[in-house]
Structure formats: structure tokens, C-alpha cells
Amino acid sequence: YIDEELGIDLTAICRLDTMVTVVDANRFINDINSEDLLMDRDQSVSDEDERTIANLLIDQVEFCDVMIINKTDLVSEKELGRLEQILTTLQ
């Protein structure tokens, strides 16, 4: 990552080795089906960022090397199985 405005070049001092994604088992299914924009939830990178929450979640799952599913105690075994199928498909 290089931020020319601030003069920061992270590539000179570090490297990305592993990307970990933490999936909230209780919210993922609702959020993946949401049409909300990142901007709607104050999560956008800039005013031009028109990605949806679903786009961000998919990108995070597809890109990660390690995935942790948390809050599994808040969903049924059936819901957890469905979530695991979705995540496996995205991976």
C-alpha cells in the first residue's frame, strides 16, 4: 500500500503474508442478501465507493487464506451448515 499524499510506502517495510476473515455466523446470511451500499452504513472508502455490503463480504471470503466463523452459538446447526456451504462455494 502506498499513500502518496502522506508519503507512506508500506511495501518498503512489510509484506502481506496471510489474510484472515472473521465471519459473523449470526449476521452473514442477512448481510450477503442485503442490497445496502457500504455508503449506507458509513463503511465506504470514498464518496465514489458504490459497492454493496454483499460485494465486500464476497471479496473478503474469496481473498482470505484463513477463515474464522464466530458466533456459531447464535445459529442452529442447519443454519450453520448452510453458511458453511455458502462459504465453501465462495472460496
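## Salt bridges

Aspartate 17 and arginine 15 are joined by a salt bridge in which the closest N and O atoms are 3.2 Å apart. The model is a predicted one. Both partners of this pair lie on the outside: aspartate 17 is exposed, its relative accessible area being 52%, and arginine 15 counts as exposed at 66% relative accessibility. The count of salt bridges comes to three.

A further salt bridge links aspartate 24 to lysine 71, with 3.3 Å between the closest N and O atoms. Aspartate 24 belongs to strand β3, whereas lysine 71 sits in the loop between β4 and α3, so the pair ties together parts that are 47 residues apart in sequence. Aspartate 24 has a relative accessible area of 19%; because the limit for buried is under 20%, aspartate 24 is classed as buried. Lysine 71, at 40%, is partly exposed.

Arginine 27 and aspartate 31 form another salt bridge, and here the closest N and O atoms are 3.5 Å apart. Arginine 27 counts as partly exposed, with 43% relative accessibility, while aspartate 31 is buried at 13%. As a general point, side chains of opposite charge can pair when their charged atoms come close.

## Surroundings of lysine 71

The loop that holds lysine 71 runs between β4 (66-70) and α3. Apart from neighbours within four places in sequence, lysine 71 is in contact with Asp24, Ala25 and Asn26. With Asp24 there is also a polar contact from side chain to side chain, at 3.3 Å.

## Nonpolar core

The largest nonpolar core consists of 13 residues, and those with the most contacts inside it are Val23, Phe28, Leu57, Val61, Leu83 and Leu87. Three helices take part: α1, α2 and α3 (77-90) each supply at least two residues of this core.

Leucine 57 is one of the core residues with the most contacts. When neighbours within four places in sequence are left aside, leucine 57 is in contact with Phe28, Asp31 and Ile32. Phe28 is also among the core residues listed above, and Asp31 is the aspartate that forms a salt bridge with arginine 27.

## Loop between α1 and α2

Serine 34 is placed in the loop that separates α1 (28-32) from α2 (53-63). This serine has 15% relative accessibility and therefore counts as buried. Residues up to four places away in sequence not being counted, serine 34 touches Arg41 and Ala54.

## Nonpolar surface patch

On the surface, a nonpolar patch is formed by Leu6, Ile8, Leu10 and Ile13, which together have about 400 Å² of accessible area. Leucine 10 is located in the loop between β2 (8-9) and β3 (20-24). Leucine 10 has a relative accessible area of 34%, so it is classed as partly exposed.

Terms used. Residues numbered from 1 in each chain as written. Predicted model: local features only at pLDDT ≥ 70, side-chain atom pairs only at ≥ 80, totals over all residues. Heavy atoms only, no water. Helix = DSSP H or I, 4+ residues; strand = E, 2+ residues; numbered from the N terminus. Buried < 20%, exposed > 50% of the residue type's maximum accessible area, 1.4 Å probe, protein only. Contact = heavy atoms within 4.5 Å. Core = buried A, V, L, I, M, F, W, Y, C linked by side-chain atoms within 4.5 Å. Polar contact = N/O pair within 3.5 Å; in protein donor to acceptor, adjacent residues only side chain to side chain. Patch = residues over 30% accessible without salt bridge, like charges linked within 9 Å, V, L, I, M, F, W, Y side chains within 5 Å. Areas by Shrake-Rupley, 256 points an atom, 1.4 Å probe, with all protein chains shown as cover. Salt bridge = Lys/Arg side-chain N within 4 Å of Asp/Glu carboxyl O.
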